[in-house]
Amino acid sequence: MRRVMLWLCAAAVLLPVALLALYAVCARWPWPAPLPQSLSLRGIQALLNADVRGTLLSSIGYSLGSALLSTLIALPAARAISFYNFAGKRAMRAVLLAPILLPSTAFFIGLQTLFTRLGIINTALGVMLAHIMVILPYPIWTLCDMMQSVGRTMEEQARTLGASPLRAFSAVSMPLLLPACVSVTALGFLISFGQYFLTLMIGGGRVKTFAMLVVPYIQSGDRMLSAAFSFAFILAAGTVYGVMDAVLRKHSGARPPTRGSLV
Amino acid sequence: MKRVLKTVCAALLLCALLLQGCAKPKDSARVDYADWEAVLRAAKGTTVTFYGWGGSDLINAWIDQQLAPYCKTVYDVTVERVPMDIDMILNRLIGDKAADNAAGGIDLIWINGENFATAKDSGLLFGPFCQYVPNYERYVDAQSEEATLDFGMAIEGYEAPYSNAQLVFSYDSSSISAPPTSAQALLELCRQNPGKFTYEAPPGFTGSAFVRNILNETCDYAALAALPEGVDDATLRAAVQPGMEFLRQLNPYLWEGGATFPATNAQADAMFMDGQLLFSISYDPYHVSSMIANGQYPATAAAFVFDAGTVGNTNYVAIADNSQNIPGALCVADAILSVPMQAAKMDPSSWGALPVLSSDKLSQEEKDLFSAVPIGEGALPQDVLLARRIAELPAYLVPRIEAIWLEEVPGK
């Protein structure tokens, strides 16, 4: 029974992707013909264009960069929210959630005006900063939970044994937090990789990401090109996610004993 | 924590400001645009951003693989195509203006109709500039309607012609023997084949043009075109009433009984390819031959237009008022109006757009270049199209007619 459910789930995910791959090469498929009437490599050729490949690579670069920076910023933020009390902590939590709660158009227009004044409109830096703002709530909240469940007791033990605060954190807490860091970075990557509207508003079309190539074809309804580009989009996102997941697995194999076994 | 975040942000912003300060754009303010040699010198080695709709791979490829290399060879200007919908382009220009950003990233814009009217009225465009462009002077008939009026809006040199488009219908000769030659005949055919026709929902570009095409046959089109800006609602409604009545009559025989319409023209076109619809509509005059050539239409597909004509428009390129590279943008506008580029653009395998150059101003060799372009299978030749071309209604009427359609046609 469980196996049947598993197969059903797999089919529900894989069939649409397979159909996408098929549409990427089929030019005409009139109803009710069971098979496509003519195939074409137009979609694949458009994908193999050197500009498209360059855009895909730089897009992966922007998204990985934004995701890594987000995790780096989120780590101390989550620690502060989890373990310290400071004035305005509740307000801070609300502010950190704002990019998710505010209507995104309003948020984006504000960012556009601000970045124009700052002179970072139409730059990769501006786009990455904007992406980081959109990503941040997710790693912060995930890492907050993780920090609280890891706790500080083990770190305090290390401190009583004479380790410096930095060493106590890096040798004791960090290894326990690392798997969570890798997953939130992967999540951040996916959020950034899928941004279209924000990238267009801040990057002004000058900073080209893969989403900006895909969406016009989907909007204009060119089935073959949108299928081919969407398939490549899924493939690229999946590959990066898969690599991160593999890193995580490799790491968790050599993970130090969990908290439960220590106590 | 707060302090850390603040410091990081401040540091990043500082870096950005420094970087921005280093990358000073070429000073184009001092060029005398009337001196073409000076424009060429100022444009040499620069990059021009060309903003426009990016939803057609054919058009994208034409810009990337034909226009861009031509500009590089002839003017040493690099063309960077930026795919962006016109609403968004206008938003950015308005945003730049609001933020007093005199250094915009947008140089050349693909534009026409009500968007041009909006941009020109809001002072977002540089101009008049057409008189600076040598190929405009050489090949464009400046007195012609397409060079003076864009959807009824005075151009006054603020945009240079890019392409001519005309609405054409496609049908498959293996499923119907003779295409309808009038709106009435179309209604008759739909009545015999219920559920086999639909059109893109206005304000979609093509669907909206189809509706105006129906108005041409059912209403007093000349009187409609003469309605002034700010005409009251009742007068406009009365003027388009026969057309809306006709479309309501058509409704029950449409796909989904006319209760709903495809959101994009490409969706309707895909339904035609899949054999769900008998006709498809396109504003690209050589759409049929392009589609036969890439295997999406069957070889038996062909184009037709109504005997009373179909609407045609011209689309243009304009230059942003805060462009940092006006000399470069002028060069690209010049390239677009060159004979080799207009002829290349006419080829359905690379785009299939009608040229905008005046044939009276072309030499015999230049004319031969155009007549040598193979228009492919199924398409109507240029002279047939031009003989059945009707002008677009004024831009200010278009959104109002679209609103009336939305109120009075779907599901009625």
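**Chat notes**

Me: How far apart in sequence are the residues that contacts in chain A join?
Reply: This is a predicted model. Among chain A contacts between residues at least 6 apart in sequence, 73% join residues at least 24 apart.

Me: And what secondary structure does chain A have?
Reply: Chain A has 13 helices and two strands. Its C-alpha trace spans about 75 × 60 × 30 Å along the principal axes, and 37% of its 263 residues are buried.

Me: OK, helices. At what angle do α6 and α9 of chain A pack?
Reply: About 120°, with the axes of α6(A), residues 124–135, and α9(A), residues 165–193, 10 Å apart. Angles from 65 to 115 degrees count as roughly perpendicular and those over 145 as roughly antiparallel, so α6(A) and α9(A) come out as oblique to each other.

Me: Is that crossing left-handed or right-handed?
Reply: The crossing of α6(A) and α9(A) is right-handed.

Me: Which residues make the contact?
Reply: α6(A) brings His131(A), Val134(A) and Ile135(A), while α9(A) brings Gly188(A), Ile191(A) and Ser192(A). By type, the contact of α6(A) with α9(A) has three nonpolar residues, three polar and no charged.

Me: Switching to confidence: what does chain B average?
Reply: Chain B has an average pLDDT of 90, and 93% of the residues score at least 70.

Me: Where in chain B does pLDDT stay under 50?
Reply: Over residues 12–26 of chain B, a stretch with 16 contacts beyond four places in sequence in the model.

Me: Last one: what ipTM does the complex get?
Reply: The predictor gives an ipTM of 0.77, along with a pTM of 0.83.

Technical notes
Residues are numbered from 1 along each chain as its sequence is written. Chains are lettered from A and ligands numbered from 1 in the order in which they are written. This is a predicted model: local features need pLDDT of at least 70, side-chain atom pairs count only at pLDDT 80 or more; totals for chains, interfaces and linings use all residues. pLDDT is the predictor's confidence in each residue, from 0 to 100. Two residues are in contact if their C-beta atoms, placed from the backbone, lie within 7 Å. Axes are lines fitted to C-alpha atoms, for helices over the stretch in contact, and angles run from 0 to 180 degrees between N-to-C directions. Helices (H or I, at least four residues) and strands (E, at least two) are DSSP runs, numbered from the N terminus. Angles under 35 degrees count as roughly parallel, over 145 as roughly antiparallel, 65 to 115 as roughly perpendicular and the rest as oblique. A crossing is left-handed if the near helix is turned anticlockwise from the far one by less than a right angle, and right-handed if clockwise. Ala, Val, Leu, Ile, Met, Phe, Trp, Tyr, Cys and Pro count as nonpolar, Asp, Glu, Lys and Arg as charged, and the others, Gly among them, as polar. A residue is buried if 20 or more other C-beta atoms lie within 10 Å of its own, exposed if 12 or fewer, and partly exposed in between; C-beta atoms are placed from the backbone.
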